[in-house]
Amino acid sequence: MLLTFGVCLLLYRLLFLICIILRSVGQGNAGITSTFIRSEWPSVDIPLDNEIFSIPKVHNAPQQVHITQGDYDGTAIIISWVTTDEPGNSKVQYGTSKQKYDFTADGTVANYTFSTYKSGYIHHCLVDGLEYNTKYYYKLGVGDSSREFWFQTPPNIDPDASYTFGIIGDLGQTYNSLSTLEHYMQSGGQTVLYVGDLSYADRYEYNNIGIRWDAWGRFIERSTAYQPWIWSAGNHEIEYMPNVGEVLPFKSYLHRFATPNIASHSTSPLWYAVRRASAHIIVLSSYSPFVKYTLQWRWLQEELKRVDRRKTPWLIILLHVPIYSSNSAHYMEGESMRAVFERWFVCYRVDFVFAGHVHAYERSYRISNIHYNVSSGDRYPIPDESAPVYITVGDGGNQEGLAGRFWDPQPDYSAFREASYGHSTLEIRNRTLAFYHWNRNDDGKKTETDSVTFYNQYWASNLRRRRLKKSHCKL
C-alpha cells in the first residue's frame, strides 16, 4: 500500500513537472519585463535631402509605389503610385516573364488638397484574375518614364499552406524607422500586417504635411512595391485640423491607400477582411464607431460568421489601439472596444490580436475579462485558453520616441514587454503550428528577443472542433 502511494505521488509530481515545462514552451518567456536599455538613434525624422527619399530623376516617373491585396482570396492586387508632373496613364502592364507583359489593366487617377498642399496624381489599379503561387512582373508609366517591379502571389487558400507575415506599426520616417524596415526586409516575410500610424506627417504644418506623406511613400517603396502591405489606420491618419480648414478625417490616408473592403462586403475602407494562404485577417478601425448596431459592429458580426477554420485555420485581428496593455502610455484607451468585441474574440477563438499605438513591445498570455460587469464577476483578466494572444508592436521607430514606462508590478496577463524599436514575424507552418518572433533593433542590428511557438486555436486545442461545420457563437 505504501509502495503504491509512493509511486502515485512520484507520478503526480512528474506529471506536474511536465505540465509546467509544456506551459513554458507554449507561452514563451513568462512574466518578463526586459531590463534592456538601448542607446537609440535620435527620434527625429530623416532630412528630406537624404537619398532614401530620392525622387526618380526622369520626368513624371511613377513613384511611391505600393501594393496591397485586391480581393478576398488573394488572386488580385491593387497597385498604387503617384505621378507628379502630369496625370499620365493609369495603365499597368504585367506578365509572368521579365520585360514581357502579356496583360494590361486600367486604373483610376485623382488628386487632393490639404491646407496649402496639392498632391500629385494618385493612381490605383486593380489587377485581378491572377494565378496562385506565381511571380508576376509589372510595369508602370511609358517610355523613358516607365519603371518595373515584381510581386509573388500567395499559395491557394489551404489549411496547411505555409506563409510568413511581418507585423509593423507606428513606423514613421526616422533612422530608427529605417532600421526597422531594413531588418524586416531581411526576415523572409512575404506580406506585412500594418497596425496603423504610417507617416506621422500630421506632426508637421501646412504644405509640409503633404510633403512628408510623399517622402514616406518613397521611403517604404523598397518593400511595398514588391509585396503587399495590409493596411489599417491609426490616430495619426485622422488629421482633423480645423485650424487649417481640414475637418474630413483620414483624408490623406484614404486618397493614398486603397483597400479591398468591397470584396468583404464592408461599407468602409477602414475595416475589411482578406484571406491569404491559411490565414483569415480582419482589419478593424479603432477610430470609427464600433458600438452595438453601428456599421462596423454589424459588419464584424457577419464577417466572423464567414470564417471557415477548415480552410483558413489562423484567425488574426488587426487594430490600432491595444485591447490589453500594461504601459502607462495610452493606458486603457482600448477598454471600450474590449467591452464591445472581446466576447466575440473568445467565442470565435481568435488566434492573435495585433495592435500598435503604444511605442513599445508587449505580448500577453491567453486571457479574457468577459465575465465582469458593474455588479458582479471577475474584476481582473483571468487565464482563458479560448482567448487570443494580444500583441502590441507600436515600436516601428517614429519621431515621438519610445514609451518606456510600464506599470509595476507587471500584471499577471503580461508575458513579455520591452521598450525598444523592432518588428515581428509570424511564420505559419501548417494548420496547427506557427512560430512567432519579435526582433529588436539593437542599435542597428537585428536581435531576436521574444520567440514563441503557438498552436492553432481551432485545430490544436480541441480535436472535436474538426467535426464542427459551423460556429454556435451567439452574437
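**Figure 1. Contacts of Glu-237 in the predicted model**. Apart from neighbours within four places in sequence, Glu-237 touches Gly-196, Asp-197, Leu-198, Ser-199, Trp-213, Phe-250 and Tyr-253. Glu-237 itself sits in the loop that runs between strand E14 (229-230) and helix H4 (251-256). With a relative accessible area of 0%, Glu-237 falls under the 20% cut-off and is therefore buried.

**Figure 2. Glu-237 and Leu-198**. In sequence, 39 residues separate Glu-237 from Leu-198, while their C-alpha atoms are 7.3 Å apart in space. A polar atom of the Glu-237 side chain lies 2.8 Å from the backbone nitrogen of Leu-198.

Figure 3. The buried residues of H2 are Asn-176, Ser-177, Leu-178, Ser-179, Thr-180, Leu-181, His-183 and Tyr-184.

**Figure 4. The start of helix H2**. Here a side-chain oxygen of Thr-174 comes to within 3.1 Å of the backbone nitrogen of Asn-176. Asn-176 is one of the buried residues of H2.

Figure 5. Of its 475 residues, 56% count as buried. Among contacts between residues at least 6 apart in sequence, 71% link residues at least 24 apart. The accessible surface of the chain is about 20600 Å², and carbon and sulfur atoms account for 54% of that area.

Notes:
Residues numbered from 1 in each chain as written. Predicted model: local features only at pLDDT ≥ 70, side-chain atom pairs only at ≥ 80, totals over all residues. Heavy atoms only, no water. Buried < 20%, exposed > 50% of the residue type's maximum accessible area, 1.4 Å probe, protein only. Helix = DSSP H or I, 4+ residues; strand = E, 2+ residues; numbered from the N terminus. Polar contact = N/O pair within 3.5 Å; in protein donor to acceptor, adjacent residues only side chain to side chain. Contact = heavy atoms within 4.5 Å. Areas by Shrake-Rupley, 256 points an atom, 1.4 Å probe, with all protein chains shown as cover.
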